[in-house]
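Open the model in your viewer and keep the selection panel at hand.

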Amino acid sequence: MANSKASEDEILMTERKLLSALNNLPPMPDLSNHLNTRNMKILASFVVVGFIVYHSVLLETLGSDSCQWLLSDGRFQGSRWQPFGCMMHTYGGSDARSCMHSISYWKGRNHIVFMGDERMRQLFIEFIALIDGDGSSELTDGHDSVIPLEMKSYQYENYTNRPVDYSEYHEHYEQAAIGLYTEFLYYPFLNEQYRDKLKELECLNHKSRVTSLVTGLALSEIPLPNVHDEGGDMKQLNSRVEKWNLDFEEAAKILENISAADTNVVWNLQEPVLNVSSPANEAIDRHNRAALEQFESSKVRLWKTTRLITQIFQWNSTLHNQTEHFELDSQILLNYLCNGNMYYQDGTCCTTTEKPTLLQFMTIVIFVMCISLCVIMFVVCWRDVKEVKTTAGSAVVDSTKTKVYHTRNIEATWKVSLFEIFRGFSRIGIIVGYAFLCDRTTFFMKENKNYTNLNFGFPLAYVILIGLFWAKDSEHTSILHRDQTDEWKGWMQIVILIYHFTGASRVLGVYMFVRCLVTAYVFLNAYGNFMYSWNTGDYSVHRYFTVVVRYNLLVICLCMVMNRPYQFYYFVPLITFWYTVMYLTAALWPRVNSHCVEKSLTRLWYLILKLIILLALITLLSSYEAIFEKIFSANPLKPLYITRENTVLDWKFRWSIDRYVVGYIFLRNLAGPIRTLYSPFFAWFGKFALELFVVQYHIWLAADTHGILVLVPNHPVLNVAVTTFIFVCAAHELHAATKQVTNYLVPNTWIGLIKNIFIFCSIMVPVAIYSGAFDM
C-alpha cells in the first residue's frame, strides 16, 4: 500500500510540474494578424516571380516550340487527349476542309503523302474519313475530281532489297474543291526502294513538291519470334541493328533535305505491340532509338505521342479500341498541319502569337513610364507621401437609417496627388502586364477545358459549404441591404467563375442558369446606384462620371494592352449602358428622391411615369432590329458596340437577354431571420466581383476564356489552387487601384472635371481613329 501511495504522489507531482510548465509557456502567435489581404498579395507577387523563373528554365530546357509539345507528350483528361502545354482544337469535317483549302490557297498546292506500312495506311484512311466525314464530297461515277478509296489486303514481302513492285498497293484521294491531293505509298521496309522513293520526292520541282510527308515504319521489319529459340531471335535482332543504323543515317539525310525545301516531314515512331513477345518489342524500342538519334536535332518532326497513346490504350483495353487510336492520331495531325493557318482560339498548339500593334506597344511604354516615375517620385518625395493627410469623408445616411454612404475628401499637395496617380496606374500596369504575359505570349502554358459533372459540381458544392459555414447575422434588417447584395454578388460571381473554368456552357441548363445570374448581377448594380441617388438625392455629373470611370478604367486598359474590342468584355458595357439609362431616367426633370416623396407622395407618380416611358422605349428597341442597329452602329457609339467582325449582333444578344432585370428578392427577404443572415465569405468576393469577372479572361483562364492558364504543368489540382490564389489577389488589388485612381481622375470641381474629360478625349479619339473605329 505504501508503495502504491508513493507512486500516486509521484504521478500527481509530475502532472503538476507539466501543468506549471505549460502555464509558463510563451503565448502562441496570433496568425490572424498576418493572414490579411496585404500579406497575401505580397506572397502572390513572390509566387508569380518564382513561376516566371521556373518557366524561363522550363522553356530553356524543353524549348518554346508548341508543335514539338503536341507531338511529344500529353495525357488523357477523362476521354479527351490533352497535349503538353498547349490547347488542341477538335476538328470536324468542315473545319478540316477549310484548313485544306487554306493551305492550298496560301501555298499554291496541298499535297500530303503518307508513306510506310499498314499502320500508315490506317492513319491515311482515318485522315480522309475525317475530312470527308459528312459525305459532302461524295460524287457520282461521272465526276473525276474525287477518286474513292479501295480497300486492299496486303501480302508482306520479306525484308530484302530485291526490287518489288508495290504500286498496286498505293492509294490516293483528291478533292479539287479544296485543293487537296493526298496519297498513301506502301513501302513497308527501310530498304533501297524506300530510299529511292524519298529521293524521287526530293527531286520534285517547287510547284509539284509535297507539302507534308508523314512516314514511319518498323513493324514489318521485325523478325518473327521463335518460341523455341529465344537466343536465336536476339542474334537475328542484333544482326539487324547495325543495318538499321546505316539505313537510318542515309534516309535521314534525304528527309532532312526534303524538310529544308518547305515540306513538313513527320517521322512516326513505332508503338509497342500487344501480346507479342519481348524480343519483338525490344526490337521496336531499338528501332525507335535509332530514329531518335538521327532526327532529334534535325528539322524532321518526331511524332512520339502515338507510342504514348498506344501504351495508354493497352492499359485501358476495355475503354478504347484501335479505331479511336487512329481517330485521335488524325486529330493531332490536323492540329499540327492546320492550327497555324486557321487560328482557332481553342487551338494554341503550333500557332504563333499575335504581333503587338503600335497601340499595344505605346500603352505598355506608358505603363512602364508610370512605374518608373512612381519609383522616382517616391524616392524624391517620400516624406510628403508619408505625411499625406486625408480628412474623414462626410457621411450621408438614408431615410431608413440602414445605409451609410461615404464621400471622400482628399487634402494633399500636388506632388502627393501626382504620386498617387502614378502609383495607381503602376499597380494596374503591373497586373495588366502580367495578363499580357499570360495570354498574349507563349511564355506560360495553356490547356483545354474539360467539362464533367464532377468537375463542375464538386468545387461548386465545396464553396457553397464554406460560405454557409461562415454565415453570421447582419446589422441591417432592410430589404436588399448592403451585406445581402454583396453576398448575392459574391456567390453569383463564384458560380460564374466555376462555369467559365470548367467549360459548362455546353450544358444548356447550366448556361441558362448562368445567363440569369448575369441578369441578376446587372440588376444589382442598377439597384445599388438607384438606391444611392434615391436616398441621397445626388444626381450630379460628378457622381455619374465617378461610376462610369470606376466601371471602365480597367477594361479600357485591357482593351489597349490585349488588343481586344470593348464588347469583348461584354459585362462592363452592359452595366455601363444600364447605369447610364438609369441615371438619365432619374436625373431628368422632374427629379424624385426619398426626401421629396416624404413631403409629397404625389411626386412618386412622376417617377412611375418616367419608368413607363423607359419601358416603352426598351420594348421599341427590342422589337425593331433596324432601329436598334441604326442607333448602335452610328458614330460615335459605333466603336463601343461593334465586335471585331464589325457587327452589333453580339451586343443585341447581350442587351436583349438583360433588358427586363428582376432577381430572387422575394424569397431572400421573405422572413426576418433569412433577411438578416448572410455569408461574409460570399460578401467579401462580392465587393470586387467586377474585377473578378473582367480579369479572369487573361490570368486565370487563357486564350480569351477558351482555355486554362497552366503554371504547374501536369498537376491540374495544384495548378488550379495556385492560379486561383494569384487571380483573386490580382483582382482585389485591381479593385483598390482603380478606386484610388478614380478619385483623382474625377475631381469635385467643374474645371478639373472638364479638363480631365478633354484630356481623355484627346487621347481616345486618335486611338479610335487609329483602330479604324470610325471607318464606314
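What follows is a walk through a predicted model, one selection at a time.

**Stop 1: E271 and R119**

Start with the salt bridges, which number 18 in this model. Select E271 and R119. Their closest N and O atoms are 3.4 Å apart, and the two form a salt bridge. Now colour by secondary structure. E271 sits in the loop between β7 (264-268) and α8 (278-295), while R119 belongs to helix α5 (residues 118-131), so the pair ties together parts that are 152 residues apart in sequence. Are these two side chains buried or exposed? E271 is buried, at a relative accessible area of 6%. R119 is buried too, at 7%.

**Stop 2: E733 and R427**

Next, select E733 and R427. Here the N to O distance in the salt bridge is 2.5 Å. Helix α28 (residues 716-745) carries E733 and helix α13 (residues 414-439) carries R427, so this bridge ties together parts that are 306 residues apart in sequence. Both residues are buried. Keep α28 displayed for the last stop.

**Stop 3**

Move on to R440 and D704. Their side chains meet in a salt bridge, 2.8 Å from N to O. Which parts of the chain does the pair link? R440 is in the loop between α13 and β13 (445-448), and D704 is in the loop between β16 (701-702) and β17 (707-710). The two are 264 residues apart. R440 and D704 are both buried.

**Stop 4**

Switch to a surface view and find the second largest pocket. Its space comes to about 1,500 Å³. To centre the view, select V463, W700, V720, A721 and T724, which lie nearest the centre of this pocket among its 43 lining residues. Then show the elements that give two or more residues to the lining: α2 (37-62), β1 (74-77), β13, α14 (453-469), α15 (482-502), α26 (680-687), β17 and α28. Which element gives the most to the lining? That is α28, with 11 residues.

Finally, colour the lining by residue class.

Notes. Residues numbered from 1 in each chain as written. Predicted model: local features only at pLDDT ≥ 70, side-chain atom pairs only at ≥ 80, totals over all residues. Heavy atoms only, no water. Salt bridge = Lys/Arg side-chain N within 4 Å of Asp/Glu carboxyl O. Helix = DSSP H or I, 4+ residues; strand = E, 2+ residues; numbered from the N terminus. Buried < 20%, exposed > 50% of the residue type's maximum accessible area, 1.4 Å probe, protein only. 1 Å grid on protein atoms, 1.4 Å probe; cavity = no way out; pocket = protein on both sides within 12 Å on 5 of 7 lines; lining within 4 Å. Points joined across faces, edges and corners; volume = space filled by probe spheres on them.
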